[in-house]
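Let's take a walk through this one together. Have the sequence and the 3D view open side by side as you read.

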Amino acid sequence: METVAVKTDPVTGLHSWTWHSPLPLECTSHSAHIRARNQQSVSQWSPLQTIPGWDIPEKSESNMFPQDKVVPVGSNMTFCCIVKEKEDFKEIMYGRQEMSATRLSRRTYAITATNQPVSGNTGTNVICCSQRLTLTGAVVFVGYPPGDEGLVCETRDLASAECSWKKGRDTGLRMRRSRTKYTLNGRDCLEANERKRWWCSSKAWEQSWTLVARNPLGTVHLMDSAQLTDRVHLLAPVNVTAVEVKAWSATLQWSWSVAAYKKLEMVCQLQLFAHELNSTRNYSGPGLSSVVLESLWPDVDYTVTLYCGSKHGFWKWGDKSAPYRIHTKMDRPDALDVWMWMDSSNTGCVFWKPLSVRKSHGALVGYEVSQSSAEEDGWTPVSLPPGNFSYPIILNNGSDITVAVAARNPAGLSQPSTVTTPAYRADSQLSMSELLSTNGSFVLSWQPNANASSGYAVEWVPTGCSGLCPVDWKKVPESDSSFTLNSDSLVAGVRYTVSVYALSTGAPTLLQRWQGYSQEMTPSQSVRELLPNQSGSDVLLSWKATAMENQRGFIRGYTIYLANAAHLELIANISDPEVQSYRVKGLSLSSYKFVVKAYTSAGEDAGATVAIKMEMDTADMLFVGILVPLGIMFCCLILISICCYKKREWVKKAFYPEIPGPKVPGDWSSPQGPLDVKPSPHSLVHIVESPEWDFTKEGLFPVPEEEEESENDNIEVDADSDEPALLRYYNQVVGDGSHGNQVSDSSGSSNTSVDSTQTEITYAGIQSPTSSQGACGGGGYRPQMQSVIGPAEPQIEFEADFQDDGLHAGYKPQCSWQLDSPEAENFSGSLGSPTSVTSSQFLIPESSEEKPQPSNTWFHNFLSGKS
Amino acid sequence: MEGAADSDTPVPERSAADRAAALARLLHRDCTRLLELYKEREDFLSQHAPGGERLVTLALCPEAPSTAEQVGHVRSALRRCMELLECLIVREVEEMGEELQGEYESLRKTVKDRLGHLLHSTGALLENGEGGCPPSPPMQCIQGQDEVEASDSFAAKIWTYKVLLELIHWTDSASQTLHVFHTEKHGQQQQQQLL
């Protein structure tokens with residue numbers, strides 16, 4: 001129940017009140033009755049008025065409400081589904097979303113969609129379904145009210161009006177019934193309503209304009225007001241043509257599709273498009289329909305577009321005309337920039353720079369080169385094809401030549417450019433300064449020259465270039481005395497010779513010359529001819545600088561490295577590039593590897609490597625190999641001599657002992673025969689071969705007398721052996737008398753015995769052999785015989801001899817002589833005792849024990865200092 | 001597959017009935033695709049199939065003993081389908097304008113054109129206009145909206161769906177009937193040649 005105040009309609013006298021139901025009235029039946037209230041008095045209720053819903057039995061089909069509603073985005077909305085009689089209800093879908101339905105009546109179910117999003121092209125479907133099929137449904141269109149803005153009206157023909165605006169936000173409502181409808185000053189805007197263009201036209205200009213945009217969700221009013229002359233938007237010029245085209249100008253004509261333009265004061269803008277020659281030009285005048293285009297370039301394709309606007313109260317530029325093409329005519333080329341470069345005193349070349357499109361004024365067909373000299377009258381012309389940009393010059397007799405060069409195109413010949421041969425100056429004749437670059441550019445300056453009436457010429461060419469060289473130059477006005485040579489004209493790592501010439505009517509005069517690199521780089525090649533030269537413990541490294549084209553920068557010096565296995569060890573840094581050698585001192589005998597690198601301001605090159613093996617010097621080798629051993633030997637001999645001198649008594653005793661007289665019973669004072677002056681028994685003892693002789697050495701054996709000499713010579717050389725010395729001594733002492741007894745090995749001993757009959761007689765049967773003397777233990781007498789079969793067989797031979805000698809067991813004098821015998825030390829007590837000539841036993845033993853005495857007793861005495 | 005022949009074998013001249021049958025098969029595929037596109041736009045149709053009466057029936061037409069008469073009946077139904085399709089296009093353009101030009105709109109026009117060709121082809125096959133039975137119920141484009149029980153947007157969508165179903169059904173029937181018609185004609189021609 002709701003209480004409202006309702007006034008009486010003054011015309012009809014009726015009361016009316018409208019109630020808005022949130023639920024469509026068709027969903028189910030709605031009843032209402034009314035009563036009047038005046039302060040405290042209340043009337044009776046009126047009869048109940050019922051609006052039947054569509055769920056009454058008379059309407060048995062399925063239905064959904066509301067249908068085709070248009071609502072704003074974000075709104076809430078209730079839908080109801082009236083289910084067909086005898087049909088079940090399953091669900092209500094809002095789009096793809098299953099909604100929670102509320103049952104309103106026996107057949108009516110309702111849902112409420114909240115915050116509805118914008119619909120698709122054909123609206124949002126709300127479907128009511130049974131278990132089997134779709135019962136019914138509805139479509140709701142959710143969108144936005146119109147968002148149009150910015151109404152602007154203008155005239156194209158100086159009479160009618162065209163109003164346009166921005167569409168604004170998409171309403172999302174595309175069905176015809178919900179689209180935005182437009183009216184302009186109350187008239188339907190057909191163009192916009194058909195959704196073709198967002199503008200409206202009006203046949204007559206009005207001072208103010210109102211656009212109303214309306215859709216089911218809202219209305220927008222857009223306003224604009226302006227004078228016609230302030231809103232002139234001209235149409236595009238038509239029939240644009242060039243009526244007169246010259247090399248440097250053209251006349252352009254066009255017409256207007258609106259006759260009213262002919263009296264309009266207008267301004268026009270021409271856009272000229274050409275390769276690097278774009279420009280925009282303005283023209284003005286009443287009803288402008290023709291202009292003269294000045295300052296065009298010959299032989300250039302121009303594309304012209306034209307548009308105009310009202311000069312007074314300019315609103316905007318009009319539409320552009322269709323592009324129109326103009327090709328200007330050709331003209332004679334401009335004069336060439338000519339230069340002459342001398343690469344020797346009588347040869348050179350004339351260069352000229354190619355003409356740009358702006359200067360050629362048409363495709364060149366060739367060049368004409370003429371030269372004249374003082375000796376020849378007139379000019380000698382030569383025609384060259386257009387691809388040539390140089391011409392060689394030869395001075396026949398050293399006189400100057402003037403060369404004139406002109407370019408030719410179909411329109412004619414250019415003005416000739418002349419140049420006179422400059423005097424040739426070799427680089428070596430000049431003191432050139434080093435030119436340092438600044439950011440890759442050379443900044444040149446020079447003293448102004450009074451003779452430079454035609455300015456200066458800066459010439460740059462790669463240093464040392466010959467033949468076809470990339471000569472470049474730039475002519476500088478007379479007023480300038482400086483020039484910056486940009487890096488884009490230079491190549492990094494190339495040394496340039498830069499010269500400045502004073503230009504006058506005659507030959508150019510060289511003012512100054514530099515050399516420099518725009519950008520120094522590391523040398524591309526290492527030093528050349530790197531050689532090592534050993535001098536004692538020093539190594540002299542020498543090299544030559546790499547060629548100039550490989551230097552790629554001023555050589556600032558060299559670094560010398562000693563290459564080890566893993567790294568380079570810097571041993572010297574030569575900062576003077578003129579120094580191209582280095583001495584590495586104090587090297588020991590070994591192998592070395594040296595690396596020499598040249599460096600510029602950019603860094604070092606890869607380096608040249610050389611290896612050397614240090615060897616001993618010849619003088620050193622002579623000293624160490626010969627003189628030192630000789631000196632040592634000499635010193636040893638002196639020492640031996642001194643020792644022998646100091647021990648001369650002992651030596652005498654050792655080598656010339658006093659032989660005691662034999663102690664025999666009887667009278668032996670008167671000899672029965674001549675005294676056998678045999679040598680000292682020491683020598684004979686030494687001659688006997690020891691069974692423990694070193695088999696690796698040649699054994700001693702009886703040799704014929706004629707071989708004795710050579711044998712003794714060999715022994716002398718063998719300074720390492722002590723025994724040959726003894727042999728030598730024996731030979732010296734014995735003399736020739738004993739040699740004749742060594743003819744036969746089997747009878748040697750007997751012969752010896754024969755020679756020393758006395759001794760043999762003296763000791764026979766007195767001395768028994770010592771059976772315990774090692775290999776010689778069981779042997780009988782064995783003369784100084786040595787097998788000569790070989791070093792590996794002496795023992796066997798000896799055993800065989802021993803077997804034979806066993807038959808003659810008895811006196812065996814030499815068998816006990818063992819230099820290396822362990823018992824040798826026990827003989828020390830007997831050293832110095834005279835011994836029998838043929839026996840190893842001391843004749844006067846100091847010890848009671850009778851043991852064999854080594855034959856080197858004297859040597860032991862010598863070592864022990866005994867005398 | 002119509003038109004598919006080995007390039008090495010000579011292609012015999014196809015009869016008008018054969019060409020019409022092939023066109024009907026092609027049209028059937030087009031209509032099937034058109035319904036798929038419509039279901040993509042109105043996705044509720046894929047979830048819950050709407051019920052309701054058929055739009056084109058031949059229930060009131062007499063029995064057609066001969067194949068030629070059956071072809072005539074099918075052609076009548078196709079003619080009704082053509083009327084429904086034209087009405088459909090008018091209504092959609094009126095509602096949505098001509099801004100939307102997607103695959104559905106393009107194929108919709110193709111189906112209309114090919115259906116016109118098929119009606120022309122089948123008309124040429126029938127020498128005496130056999131089977132000229134008008135299908136039921138009779139319709140006019142405006143009345144067509146009444147047939148879907150409402151003039152609201154949802155009813156129009158259901159009606160469009162039914163029209164597309166009728167197109168699929170009758171183009172399929174046409175392809176089968178025309179194939180039989182072509183087979184019989186071909187057999188008769190061979191018998192005549194043998195005689």
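**Loops, helices and an interface**

Start with Asn115(A), which sits in the loop between β11 (108-113) and β12 (124-129) of chain A; helices (H or I, at least four residues) and strands (E, at least two) are DSSP runs, numbered from the N terminus. Its phi is near 50°, a positive value in a residue other than glycine. Asn115(A) is also exposed, with a relative accessible area of 55%; here buried means under 20% relative accessible area, exposed over 50%, and partly exposed in between (1.4 Å probe, protein chains only).

Before going further, some ground rules. This is a predicted model, in which local features need pLDDT of at least 70 and side-chain atom pairs count only at pLDDT 80 or more, while totals for chains, interfaces and linings use all residues. Residues are numbered from 1 along each chain as its sequence is written, chains are lettered from A and ligands numbered from 1 in the order in which they are written, and side-chain values use heavy atoms, with hydrogens and water left out.

Look for Ser295(A) in the loop between β25 (290-293) and β26 (301-310) of chain A, where it is exposed at a relative accessible area of 57%. Another loop of chain A, between β5 (63-65) and β6 (69-72), holds Pro66(A).

Arg156(A) lies between β14 (149-154) and β15 (161-166) of chain A, and at 13% relative accessibility it counts as buried. What does Arg156(A) touch, leaving out residues up to four places away in sequence? Its contacts (heavy atoms within 4.5 Å) are Glu162(A), His233(A), Leu234(A), Leu235(A), Val258(A), Tyr261(A) and Asp319(A). With the side chain of Asp319(A), the Arg156(A) side chain makes a polar contact at 2.5 Å. That term means a pair of N or O atoms within 3.5 Å; within protein, one must be able to donate a hydrogen and the other to accept it, and residues adjacent in sequence count only if both atoms are side-chain atoms.

Over in chain B, find Leu37(B) in helix α1 (residues 16-41). At 7% relative accessibility, Leu37(B) is buried. Leaving out residues up to four places away in sequence, it touches Glu103(B), Tyr104(B) and Leu107(B). Leu37(B) and Leu107(B) are 70 residues apart in sequence, but 9.2 Å apart in space, C-alpha to C-alpha.

Then there's α3(B). Of its 30 residues, 22 are buried, so this helix is largely enclosed by the rest of the structure. Just after it, Gly97(B) takes a positive phi of about 75°.

Finally, see where the chains meet: 19 residues of chain B are in contact with 25 residues of chain A. In chain B, His48(B), Glu95(B) and Phe154(B) lose the most area to chain A, together 30% of what that side buries; buried area is the accessible area (1.4 Å probe) that two parts lose on being put together, summed over both. Two salt bridges cross the interface, each a side-chain nitrogen of Lys or Arg within 4 Å of a carboxyl oxygen of Asp or Glu. Glu95(B) and Arg177(A) form such a bridge (3.4 Å, N to O).
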